[in-house]
Amino acid sequence: MKPVKVTSKGQVTIPVEIRSSLGIDEHSYLEVSEIDNEIRLRKLVRARPLSADDPIWDLIGTAESGHGRIAENHDSHLAEGEFARWRESS
């Protein structure tokens with residue numbers, strides 16, 4: 001464990017060794033939670049898009065619109081929505 005100082009704005013610096021080992025950079029998002037009187041940070045990882053050969057496409061088929069693969073960017077839209085809600089709550 002390494003002690004860090006909290007600024008007047010409530011900011012802390014995550015030690016470089018931890019940022020490097022977890023791949024955290026200036027574009028990363030972290031989830032902050034309080035559990036059992038501890039502050040926990042968890043790196044949010046973008047959902048990976050489904051590949052073209054994923055079996056889910058056989059299950060969902062084509063919608064009434066007639067457009068195939070309408071959910072192609074579904075995971076990206078979900079992740080963007082989560083990021084937007086997270087930003088609004090901060």
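My entries below go from the overall layout to single residues.

**Ground rules**

I am working with a predicted model, where local features need pLDDT of at least 70 and side-chain atom pairs count only at pLDDT 80 or more, while totals for chains, interfaces and linings use all residues. I number residues from 1 along each chain as its sequence is written, and side-chain values use heavy atoms, with hydrogens and water left out.

**Entry 1: the layout**

I looked up the helices and strands and found three helices and two strands. These are DSSP runs, numbered from the N terminus: helices are H or I with at least four residues, and strands are E with at least two. Along the sequence I read the pattern α-β-β-α-α.

Next I checked burial. The protein has 90 residues, and 9% of them count as buried. Buried means under 20% relative accessible area, exposed means over 50%, and partly exposed is in between (1.4 Å probe, protein chains only). I noted an accessible surface of about 7900 Å², with 54% of it belonging to carbon and sulfur atoms; such areas come from the Shrake-Rupley method with a 1.4 Å probe, and for residues only the protein chains shown count as cover.

I also looked at contacts, meaning heavy atoms within 4.5 Å. Among those between residues at least 6 apart in sequence, 27% join residues at least 24 apart.

**Entry 2: the hairpin**

How do strand 1 and strand 2 run? They run antiparallel, and seven bridges join residues 29–35 to residues 38–44. Two strands pair if DSSP finds at least two bridges between them.

The hairpin has two residues between its strands. I looked at Asp 36 in that loop and found a positive phi near 50°. Asn 37 sits in the loop between strand 1 and strand 2 as well, and its phi is also positive, about 65°, although it is not a glycine. I wrote a reminder beside this: most residues other than glycine have a negative phi. Asp 36 is exposed at 68% relative accessible area, and Asn 37 is exposed at 74%.

**Entry 3: salt bridges**

How many salt bridges does a search of the whole structure find? It finds four. The rule asks for a side-chain nitrogen of Lys or Arg within 4 Å of a carboxyl oxygen of Asp or Glu.

- Glu 31 and Arg 42 meet at 3.1 Å, N to O. Glu 31 lies in strand 1 and Arg 42 in strand 2, so this pair ties together parts that are eleven residues apart in sequence. Glu 31 is partly exposed at 31%, and Arg 42 is partly exposed at 46%.
- Glu 38 and Arg 40 meet at 3.3 Å, N to O. Glu 38 is partly exposed at 43%, and Arg 40 is partly exposed at 37%.
- Glu 82 and Arg 85 have their closest N and O atoms 2.5 Å apart. Both lie in helix 3, three residues apart, about one turn of the helix.

**Entry 4: aromatic rings**

I counted two aromatic pairs. Rings of Phe, Tyr and Trp (its six-membered ring) pair if their centres lie within 6.5 Å; planes under 30 degrees apart count as stacked, over 60 as edge-to-face and the rest as tilted. Tyr 29 lies in strand 1 and Trp 86 in helix 3 (residues 74–89), so the pair ties together parts that are 57 residues apart in sequence. Ring pairs link Tyr 29, Phe 83 and Trp 86 into a cluster. Tyr 29 is partly exposed at 21%, and Trp 86 is partly exposed at 29%.

**Entry 5: before helix 1**

Is Pro 15 buried or exposed? At 14% relative accessibility, Pro 15 counts as buried. Pro 15 lies in the segment before helix 1. Leaving aside its neighbours within four places in sequence, I found Pro 15 in contact with Lys 2 and Val 4. The C-alpha atoms of Pro 15 and Pro 3 are separated by 9.3 Å, and these residues are twelve apart along the chain.
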